[in-house]
Amino acid sequence: MELPGLLLLVTGFLRSNCAAGVGQCSLEEFPCTADGVHHPSSSSCVSLSVVCDGQPDCQNGADERPEKCGGAKPKSCRSSEFSCSNGRCVPHSWRCDHYRDCEDGSDEDNCSQNECEVNNGGCSHICLDRPLGFVCDCPPGMRLLQDTHCEEVDPCLDADVCDQLCVQSSGSLTCGCEEGYQETSESGRCLSTGDATGLVFSSSAEIGWMSSSGSDQRKISDSTGAAGPLAASIANGAIYWSNPEHTGVYRLSLADGDQTPAVLFEGTRGIVGLAVDWVHELLYWTSNHTRALHVSSLNGSEQHGALITGLTQPAAVAVQPLLRLLFWADGGVSPRIECSSLDGMDRKALVTSIIRNPVSISLDIPRGLLYWADSGLHTISRIRYDGQHRKMVVESNGYLDEPFGLAVFERNVASISPFLYIQQMHLFPFSSRTGKWGYKVFPCS
């Protein structure tokens with residue numbers, strides 16, 4: 001069966017339990033070696049669920065080392081916060097405002113001093129001392145966010161009039177399109193010149209394909225068992241998925257005449273997110289059983305174990321291999337969206353505030369933007385790859401109560417949600433165009 005064109009993925013996320021294990025330490029265990037890598041001689045293993053939990057379980061403390069745990073669980077107040085004497089963190093802007101915000105009142109002590117002399121008052125750029133407290137300020141070309149941090153002003157992103165390329169000159173904006181797109185008569189809009197665009201989705205009844213207009217829908221496979229995470233490789237015309245009722249990841253080639261799914265590998269548990277690196281031929285997945293992010297070869301011949309550990313409630317994962325960037329969402333008590341390099345190094349939190357339950361993420365690669373659906377806030381939002389220029393794209397109006405999947409293309413964002421045991425697809429037009437090309441401009445650093 002031939003299906004047209006470019007695939008956009010919309011995925012339903014469910015939780016499950018299955019069994020796994022290869023080598024001296026299983027995929028659900030962390031090796032207590034100096035480098036945190038499996039060695040034949042290593043006999044000490046601990047569960048991935050206790051890695052980066054603040055308590056060393058390995059005798060050498062390898063499960064709690066900073067290079068492994070990154071900044072996922074900060075132990076002290078942020079630079080924009082004041083540390084009360086009892087350890088509580090409050091915003092620096094509350095210091096010396098004549099109101100006791102710390103239970104011990106330490107935020108109102110020594111208010112005659114110049115707060116800007118200590119950690120620049122928590123300001124990212126300019127700190128201005130005042131008779132009562134202080135204020136943060138920004139240099140020209142930047143604006144203040146959350147009272148303490150400055151963000152670069154981007155006229156193209158602020159105006160949001162160009163789908164892709166945007167050049168500012170003499171106070172005006174000029175739009176353009178990347179290769180593979182053509183500009184329409186509508187100013188700033190770019191449409192793909194390739195084959196018809198479609199959505200591939202997972203439900204409890206099937207894995208299906210639907211045209212972006214919704215006028216054409218076809219079943220790809222009914223061997224799913226339950227809705228689960230889904231990913232695709234355009235390079236080899238294959239889709240990959242997992243579900244809570246089985247213990248493996250499955251592969252189906254859309255180019256072959258045989259539509260029988262093949263087992264890519266088995267011995268996995270609780271897979272909630274899948275992403276394909278089509279450049280390096282790797283498959284990334286998150287597991288709520290191991291509370292980790294894993295990686296394997298795309299043909300399933302080699303599993304490399306846990307790449308990112310210490311997650312609380314892992315959800316979706318996305319990859320931008322051309323920039324060597326990896327993104328994932330984590331819920332639980334400290335919900336966040338993080339990123340790292342493809343090897344798991346240079347870990348960085350992109351979103352830590354105004355986020356409740358991120359369940360799905362999707363990349364708009366031509367625009368250099370990351371989108372996420374939050375089922376707790378009933379919103380879809382976006383940020384640049386470096387975590388700046390945050391914007392809410394869709395807010396619940398009765399149709400976004402339980403978003404569980406997300407895909408973006410051109411000016412549309414598609415979400416999927418369970419309702420009365422039916423997987424519902426929604427397409428929302430939006431104005432979220434970025435002003436700059438993402439490659440080599442906005443790295444995760």
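**Notes on the predicted model: disulfides, hairpins and cores**

1. Let's start with the sulfurs: Cys77 and Cys89 form a disulfide, with their sulfur atoms 1.9 Å apart (a disulfide here is a pair of cysteine sulfur atoms within 2.5 Å). The torsion about that S-S bond is about -90 degrees, so the link is left-handed. The pair connects distant parts of the chain, with Cys77 in the loop between helix H1 (66–69) and strand S4 (81–83) and Cys89 in strand S5 (residues 89–91), 12 residues apart. Helices (H or I, at least four residues) and strands (E, at least two) are DSSP runs, numbered from the N terminus.

2. Before going on, a word on ground rules: this is a predicted model, where local features need pLDDT of at least 70 and side-chain atom pairs count only at pLDDT 80 or more, while totals for chains, interfaces and linings use all residues. Residues are numbered from 1 along each chain as its sequence is written, and side-chain values use heavy atoms, with hydrogens and water left out.

3. The cut-offs are under 20% relative accessible area for buried, over 50% for exposed and partly exposed in between (1.4 Å probe, protein chains only).

4. The disulfide count comes to 9. One of them joins Cys156 to Cys166 (S to S 2.1 Å). Cys156 sits in helix H2 (residues 155–159) and Cys166 in strand S10 (residues 165–169), so this pair ties together parts 10 residues apart in sequence. Cys156 is buried at 5%, and Cys166 is buried at 11%. Another link runs from Cys177 to Cys190, S to S 2.0 Å, and is left-handed with -95 degrees about the bond.

5. Now for Glu151, which is in strand S9 (residues 149–152). Glu151 counts as buried because its relative accessibility is 6%. Setting aside neighbours within four places in sequence, Glu151 is in contact (heavy atoms within 4.5 Å) with Gly141, Met142, Arg143, Leu145, Gln388 and His389. Arg143 is also the bridge partner of Glu151. Strand S8 (residues 142–145) runs antiparallel to S9, joined by 4 bridges; strands pair if DSSP finds at least two bridges between them. In this hairpin, with 3 residues between the strands, Gln146 takes a positive phi near 50 degrees.

6. UniProt's unreviewed entry places "domain: EGF-like" at residues 76–112, 115–151 and 155–191; such annotations may be inferred rather than shown by experiment. The span 115–151 is 0% helix and 41% strand, with end C-alpha atoms 22 Å apart. For 155–191, the figures are 14% helix, 41% strand and 23 Å.

7. Ala232 has Ile239 as its bridge partner in S18. In the turn, Gly237 has a positive phi of about 65 degrees.

8. Last, the cores. A nonpolar core is a set of buried Ala, Val, Leu, Ile, Met, Phe, Trp, Tyr and Cys residues joined through side-chain atoms within 4.5 Å. Of the 19 residues in the largest one, Phe327, Ile337, Ile361, Leu370 and Trp372 touch the most other members. Apart from that core lies another, of 13 residues, among them Leu282, Val317, Trp328 and Leu342.
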